[in-house]
Amino acid sequence: MKASYYGRSAAVLAIGALALTACGSDNPTGNEGGDSNGGGGESSVSGTLTGIGASSQQAAMTAWQNGFQSANSGATVQYSPDGSGAGRTAFLAGGAQFAGSDAFMSDEENEESKEQCGTDGSLNLPVYISPIAVAFNLPGVDSLKLDAPTIAKIFKGEIESWNAPEIAEQNPDADLPDTRITVVHRNDDSGTTENFTEYLHSAAPQDWTDEPDQAWPSKYAAENDKGTSGVVNTTQGTEGTITYADASAVGDLGTVDIKVGEEYVPHSPEAAAKAVEVSKQVEGRSEHDMAIELERDTTEAGAYPLVLISYHVVCSQYDSQETADLVKAFESYVISEDGQKTAADSAGSAPLSETLREQATAAVESIKAQG
């Protein structure tokens, strides 16, 4: 994902003063004996931790909040799913201790974060890996096979009906109606939009020439709504619609198998994880930053490259030991095997690989108090 693609939400969220009263500890995991799995043990942290950001994480965040708070009776984790752009803006303004974001921090944003996070700036921790589904409402049709150029033309409005030749040729066995296609896109700054447009730009460069962005291109404006739930609800309510959303949220909508190499691959946690495995971390970042450059045009068999990696953006340094301990305790649980299983059970996400978990653990352990 290219750092230069990130936009900036215009509105800075005004967040009230937060009462952080965590007890400093050499073992800020939230459990005795260093157990960070969120289950059992005597609470070692307390206070209120506030995050703002990606709506794609909402189901997983609810599970993480419940798991962490059940093991730490004095701790509260608040999360407002206002979108990736809003989350990063609030984080940079000092209105949240972490941001949930479907796009990692740009170089410019990381430089700005040094005002809140000290000389090393922010860290991008991958916590949630999930396919983005191309989902549609077409009664009697549960799935379709489409290549990236066809998807690009649909979302540009160049393919206007469901029985168009480009769709019919790839789905000879489908009973396609002549229903008009209605595109539904996000109207807020969205990491999901950025991931989706990055996929189109990389996998169908001749058909989608616009640079990836968190804002949907105004020249392709169509039906729209705010947040993951907004576009899914609009699509569910109108026959002939198509949208893009975190796969965990699309419910009973039909979904697209996308063409990768010579085969069509349906979305699944396993296929999303495989796409991440063949990708590389962004070069030139700090030792513990884990921003990942996804290979959207991969031809790897079984990989589903229309995937989002949602991050928790945290400070490498916090202004107090209490805050640092609370952040470390929560993120240790989130990236733990138990935390990742909890998210997978609740949201259908792909758990972090052992390699990524080890790297994320080292990153969390590196968080410290300023001074």
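**Reading the packing**

Biologist: At what angle do helix α4 and helix α6 cross, and how close do their axes come?

Modeller: Two packed helices are described by the angle between their axes and the distance between the axes. Here, helix α4 (residues 148-156) crosses helix α6 (residues 191-203) at roughly 125°, and their axes come within 9 Å. Axes are lines fitted to C-alpha atoms, for helices over the stretch in contact, with angles from 0 to 180 degrees between N-to-C directions. Bear in mind that this is a predicted model, where local features need pLDDT of at least 70 and side-chain atom pairs pLDDT 80 or more, while totals for chains, interfaces and linings use all residues. Numbering starts from 1 along each chain as its sequence is written, and side-chain values use heavy atoms, without hydrogens or water.

Biologist: Which residues of α4 meet α6?

Modeller: From α4 you have A148, I151, A152 and F155, and they meet F196, Y199, L200 and A203 of α6 (contact means heavy atoms within 4.5 Å).

Biologist: Now the other pair: how far apart are the axes of α1 and α10?

Modeller: They are 8 Å apart, with helix α1 (residues 58-71) and helix α10 (residues 337-347) packing at an angle of about 135°. On the α1 side, the contact is made by A59, A60, A63 and W64. On the α10 side, G339, Q340, T342, A343, S346 and A347 take part.

Biologist: How many helices and strands are there in the protein chain?

Modeller: The chain has 11 helices and 15 strands. They are DSSP runs, helices being H or I of at least four residues and strands E of at least two, numbered from the N terminus.

Biologist: Is helix α2 enclosed or open to the outside?

Modeller: Helix α2 (residues 84-92) is largely enclosed by the rest of the structure, because nine of its nine residues are buried. Buried means under 20% relative accessible area, exposed over 50%, partly exposed in between (1.4 Å probe, protein chains only). S84, G85, A86, G87, R88, T89, A90, F91 and L92 are the buried residues of α2. What covers them includes β1 (47-53), β3, α3 (107-117), β4, α6 and β13. Just after α2, G94 takes a positive phi of about 85°. In the whole chain, buried residues make up 57% of the 371 residues.

Biologist: β13 is one of the elements covering α2. Which way do its residues point?

Modeller: In a regular strand the side chains alternate between the two faces of the sheet. In β13 (residues 307-315), V307, I309, Y311, V313 and C315 point one way, and L308, S310, H312 and V314 the other way. Nine of the nine residues of β13 are buried.

Biologist: Which strands are joined to β13?

Modeller: Strand β3 (residues 98-101) runs antiparallel to β13, joined by three bridges. Strand β4 (residues 122-136) pairs with β13 in the antiparallel sense over nine bridges (pairing takes at least two DSSP bridges). H312 in β13 stands opposite G100, and H312 is also the bridge partner of L125.

Biologist: Where is A249 found?

Modeller: A249 is in the loop between β8 (241-246) and β9 (254-260). Its relative accessibility is 31%, so A249 counts as partly exposed. Leaving out residues up to four places away in sequence, A249 touches T228 and V232. A249 and A59 are 190 residues apart along the chain, yet their C-alpha atoms are separated by 8.8 Å. Across the chain, among contacts between residues at least 6 apart in sequence, 74% join residues at least 24 apart.
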